[in-house]
Amino acid sequence: MRIESVHRGFLYQHLFAVACLLMAGPAQVLGVVVEADEDIELVLAGRRLYLQVKYRKERLAPADVADALTRFEAIRAEHAPGQRDGEARFAIVSNARPSESLAAMRAAKDWPADVALIWPDGVAQIDPAIPRPPRDLFEAAALCTGLAGALEFGLLRPETLTWKLASLVMLASAGGAPRQDHRFSREELPDLFEQLVVQMQELPAPPLHYRAQMDEPPLLTGDRVRILAGLSGAGKTAWVAEAVVHSATPVTYLDVVETPGAALASAVAREVAARMFGRRGSRLGEVLFTGASGLDTLGALSVKLGEEGLQAHVVIDNAHRVPAADLRSIVDRARHLSFLLICQPSAETPVLEASLDVGAETLSGWDEDTIAAAASDAGCRADYADCERLSRLTGGLPFYVLNAATVAAREYSGSIAAFCADIEGQTHIVEVAQEIILRRAFEGLPPAQRETVALLSLADVALSRDEASAFLQGALGIDARAAAQRVRDLPASGALELFGNAGVKIHDAVRLLGRSDVAARGAEFERDARRSLRGVMVQSIRSDWSVAKLSLLIRLFGQLGEAQILVQFATDELFHEMGVWPEIEPFLIAAAADEEVDADTRLWALDGLVFNDLREGDVEAAAPRIAAMRALLGEHELDNDAWMAWGMKGMLLMSATDDPTGVVEMLDEVEARLPDSSEHRRVFRYNRALALFKLGQLQVAAEEAVQLTGEYYGELGLTPADVMGRNAPELQALLPKPRGELTDTLKHLADTLDLQAQALGALGQRTPLQRIHAMKFYELARAPQSMVRVGQDLVDEFVGMHDFTGARQLLETNILPMIQAMGLVSWTLPVRGQYAVVLAYDGAHDAADAEVERLLPYQEAMDPNHRAEFQNQRRMIANLRRFGGPPQRQVEIPADLQVLFDRRRGQRQLPARRVKIGRNEKCPCGSERKYKHCHGR
């Protein structure tokens with residue numbers, strides 16, 4: 001019996017110590033010491049609690065506590081002079097209540113004030129660190145299991161944890177290794193308790209003002225595994241953080257940047273279990289098995305999720321840091337988990353795609369409107385063209401755009417245009433974020449790969465694999481096999497934006513570093529590279545023409561000093577339609593002013609400059625240039641074409657300045673030098689009619705335009721009836737020669753139709769048919785700016801006829817897609833302002849207001865006339881919402897005409913209304929390629 005009593009006493013003491021351990025965290029206990037100076041010592045900040053634990057079947061007598069009081073006095077004496085740290089407090093803890101004699105002893109005045117006597121039915125808890133004593137061993141075990149069950153993120157069953165801790169207390173009481181000091185520290189408690197010591201990772205908070213990227217994918221889809229790849233700064237984590245806020249189902253986020261691949265399964269299991277099952281005490285112990293491998297635990301968790309009908313969604317950030325084989329193992333084992341793997345482009349990413357049989361998705365960056373809003377918020381000003389330039393320089397990646405706006409506000413007085421000019425010219429002084437962030441990766445590439453990326457950075461359009469190979473062969477003097485190998489190695493660089501059948505292109509954000517690297521290799525290397533690229537682009541344009549390629553080729557001609565070729569471009573009217581004038585204008589200005597350039601080249605450079613001045617209505621710039629043309633004619637013997645060019649431009653200038661006498665004089669001089677050809681005479685008659693129109697001689701201009709229209713129709717073998725009900729591609733099949741051989745005639749017919757519409761319209765007649773036909777012929781002639789301009793006039797005419805639906809359809813199906821497809825950035829804002837007004841007339845007031853809201857950030861960069869027009873448009877839209885507009889006109893097409901339309905169009909349905917072309921849709925140019933691989937760059 002005595003031996004049993006001794007063992008019961010030790011067990012009670014050990015269980016009471018277990019209860020102290022389980023309460024130590026909330027009670028801020030720093031350490032628990034067993035069987036050292038006292039049965040239990042609790043170490044807290046600035047104080048210590050010494051506990052003597054007594055287990056008795058009978059009441060507690062004075063003899064049971066005498067030795068304890070003596071030891072307390074000795075410990076107290078050591079605290080007084082500071083031999084022991086902190087304030088000392090003492091307690092005698094027992095399952096038995098005190099006897100009458102002990103109670104009287106405790107009540108006496110000589111009972112130490114710092115000694116408490118604690119029993120089950122005694123006074124309330126004297127300290128949060130000391131449990132209320134259990135009455136017996138069964139109650140002691142129940143107390144411990146209750147405390148163990150309340151632990152957060154516990155992996156063990158409460159009973160198992162209780163007896164595990166009791167055995168550890170027994171070992172520590174004996175001073176066994178590793179507890180020769182008999183002590184348990186607070187820091188080791190979670191490990192002792194087998195808790196999830198690292199709690200759920202939390203996503204970074206989304207930005208206060210999150211701006212969506214183009215064509216953002218949904219966070220959750222039906223796919224089990226997805227890969228999202230993007231450069232650092234692409235806004236991947238911000239996209240996830242924002243999407244999770246709006247997710248109706250729980251999402252677990254895990255950043256594995258410092259997680260070894262072998263430990264990933266355990267980390268995923270831990271985070272998902274905590275997210276899905278929460279702080280449910282021992283519930284986690286049902287799914288996270290002690291001692292099991294990470295993959296086994298993850299498999300058990302997946303089974304548990306399936307049994308409860310749950311599907312867990314896991315986002316793994318920096319997945320490119322983990323071997324693809326480890327990620328594949330996790331995906332295979334966890335069938336009830338779906339994974340979104342966020343990666344940066346690296347050599348591991350293609351391996352991961354192949355291993356999981358999943359193609360990587362990307363974020364497309366901010367569009368120009370979003371860039372404008374961000375720039376405006378940063379205190380900058382930018383028009384649409386500026387935002388498009390900044391998009392090309394940064395790839396539209398949010399972090400880089402924001403940093404650029406910050407630098408522009410601080411260093412460039414808020415001018416995005418000035419910032420872009422410095423970056424493009426590589427004359428900036430302040431290093432931007434993308435250079436800092438991407439340089440480490442760029443400079444860490446193998447030398448050959450770095451050289452390849454640098455060279456391909458000279459091209460801002462996608463090259464086919466063969467074109468890229470030919471470019472590298474010419475630039476580096478290597479053979480086809482070596483060049484092809486370099487192209488094949490590109491995906492491992494992580495710098496590619498596109499790769500596949502559409503070709504290769506270095507990501508815009510990386511090109512800034514690549515171009516700098518080319519320049520650093522010396523002028524000869526850079527010149528040879530540009531010459532090789534020029535040759536490739538000439539061949540590429542012949543087989544697959546695009547505005548982006550033409551723009552690059554023009555820049556290459558200028559950079560190589562080939563001004564004569566640029567002048568030839570500038571003298572072609574259609575060149576001015578392509579939206580690439582900003583690329584060539586600086587070179588023409590330089591050629592016109594260079595006296596070492598031959599007179600003929602200088603004159604035609606001036607002719608190109610004047611043509612653009614008159615198109616934009618800038619007569620102040622045109623006048624001195626026309627005078628310079630006349631001086632060259634007087635100083636040099638130039639041909640009749642040169643004289644005619646000067647005379648035509650002078651005649652149009654004088655009509656623009658309302659000088660009828662000057663116009664007549666110019667007409668006489670030009671007509672006297674006209675070559676004897678019907679083509680030259682028609683061009684002259686058109687320009688004469690245009691000048692007369694500007695002078696207000698409307699009837700004469702209209703009659704001449706009508707006559708010229710008939711002649712041009714005759715040249716093409718067409719009649720206006722042939723054009724009815726047919727779109728441009730259908731008309732092309734009726735042309736007598738290939739379109740390329742008839743470009744000038746098609747353009748001149750469209751010009752005369754446009755002039756006819758303007759003159760007759762000014763006389764009060766309706767001319768929608770002339771403008772519709774003009775748009776078709778401008779499209780055939782590849783004159784997109786003229787097509788857009790006439791389209792705007794047609795929209796105004798439709799609005800004047802109260803056909804608001806027709807006006808909206810014209811903008812959505814023809815004009816806005818053409819602007820986007822051809823990159824006509826200078827037209828974007830005026831047309832969108834017009835579109836907002838049409839939306840309001842058509843009753844779509846919310847859409848109109850939304851469009852105005854998107855245009856507001858551009859306001860500060862608008863020229864005064866455009867800003868005034870925009871303000872008028874805003875007032876008009878507000879008034880239409882407030883007072884309403886006229887009713888929509890009922891448009892009825894005669895039955896016989898409808899039959900004609902249906903027959904010619906095969907009863908095709910009208911295209912759906914579209915304002916913006918999706919990056920993955922077919923390009924409207926008819927190439928059958930995706931827009932992002934064609935005119936979308």
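User: Let's start with a loop. Which loop is the place of Asp215?

Analyst: This is a predicted model, so keep that in mind as we go. Asp215 is not a glycine, yet its phi is positive, at about 50°. Most residues other than glycine have a negative phi. As for its place, Asp215 sits in the loop between α6 (189–193) and β7 (225–229).

User: And Gln28, is that one buried, partly exposed or exposed?

Analyst: Gln28 also has a positive phi, near 60°, without being a glycine. You'll find Gln28 in the loop between α1 (2–24) and β1 (31–34). Buried would need under 20% relative accessible area and exposed over 50%. Gln28 has 44%, so it is partly exposed.

User: Which residues does a cis peptide bond join?

Analyst: Most peptide bonds are trans. Here, look in the loop between α5 (158–173) and β6 (183–185), where Pro178 has its place. Omega is about 10° for the cis bond, and the residues it joins are Ala177 and Pro178.

User: Let's zoom out. How many helices and strands does the protein chain have?

Analyst: The chain has 937 residues, and 51% of them are buried. Among contacts between residues at least 6 apart in sequence, 68% join residues at least 24 apart. The secondary structure comes to 40 helices and 13 strands.

User: How many residues are in the largest nonpolar core?

Analyst: Look for Phe419, Leu463, Phe471, Leu533, Phe777 and Ile815, the residues with the most contacts inside this core. Another core lies apart from it, with 41 residues, including Phe16 and Leu165. The largest core, though, has 173 residues.

User: Are α23 and α24 roughly parallel or roughly perpendicular to each other?

Analyst: Helix α23 covers residues 563–570 and helix α24 covers 581–593, and their axes cross at roughly 115°. Angles of 65 to 115 degrees count as roughly perpendicular. So α23 and α24 are roughly perpendicular.

User: How many nonpolar residues are in the contact of α23 with α24?

Analyst: On the α23 side, the contact uses Ala563, Leu566, Val567, Phe569 and Ala570. The α24 side brings Ile584, Phe587, Leu588 and Ala591. No polar and no charged residues take part, and the nonpolar ones come to 9.

User: How about α29 and α33: are they roughly parallel or roughly perpendicular?

Analyst: α29 (residues 678–694) and α33 (residues 743–762) have axes 11 Å apart and pack at an angle of about 25°. Angles under 35 degrees count as roughly parallel. That makes α29 and α33 roughly parallel.

User: How many charged residues are in the contact of α29 with α33?

Analyst: From α29 come Val683, Tyr686, Ala689, Leu690 and Phe693. From α33, the residues include His748, Asp751, Thr752 and Gln758. The contact divides into 8 nonpolar and 3 polar residues, and the charged ones come to 1.

User: Is Glu368 buried or exposed?

Analyst: Glu368 belongs to helix α12 (residues 368–377). Leaving out residues up to four places away in sequence, it touches Tyr384, Cys387, Glu388, Ser391 and Tyr858. Under 20% relative accessible area is the cut-off for buried. Glu368 has 16%, so it is buried.

User: Last one: how many Å apart in space are Arg808 and Phe798, C-alpha to C-alpha?

Analyst: Arg808 is in helix α36 (residues 804–822). At 15% relative accessibility, Arg808 counts as buried. Arg808 and Phe798 are 10 residues apart in sequence, and in space their C-alpha atoms are apart by 9.2 Å.

How values were computed. Residues numbered from 1 in each chain as written. Predicted model: local features only at pLDDT ≥ 70, side-chain atom pairs only at ≥ 80, totals over all residues. Heavy atoms only, no water. Core = buried A, V, L, I, M, F, W, Y, C linked by side-chain atoms within 4.5 Å. Buried < 20%, exposed > 50% of the residue type's maximum accessible area, 1.4 Å probe, protein only. Axes fitted to C-alpha atoms, helices over the stretch in contact; angles between N-to-C directions. Helix = DSSP H or I, 4+ residues; strand = E, 2+ residues; numbered from the N terminus. Parallel < 35°, antiparallel > 145°, perpendicular 65-115°, else oblique. Contact = heavy atoms within 4.5 Å. Nonpolar A, V, L, I, M, F, W, Y, C, P; charged D, E, K, R; others polar.
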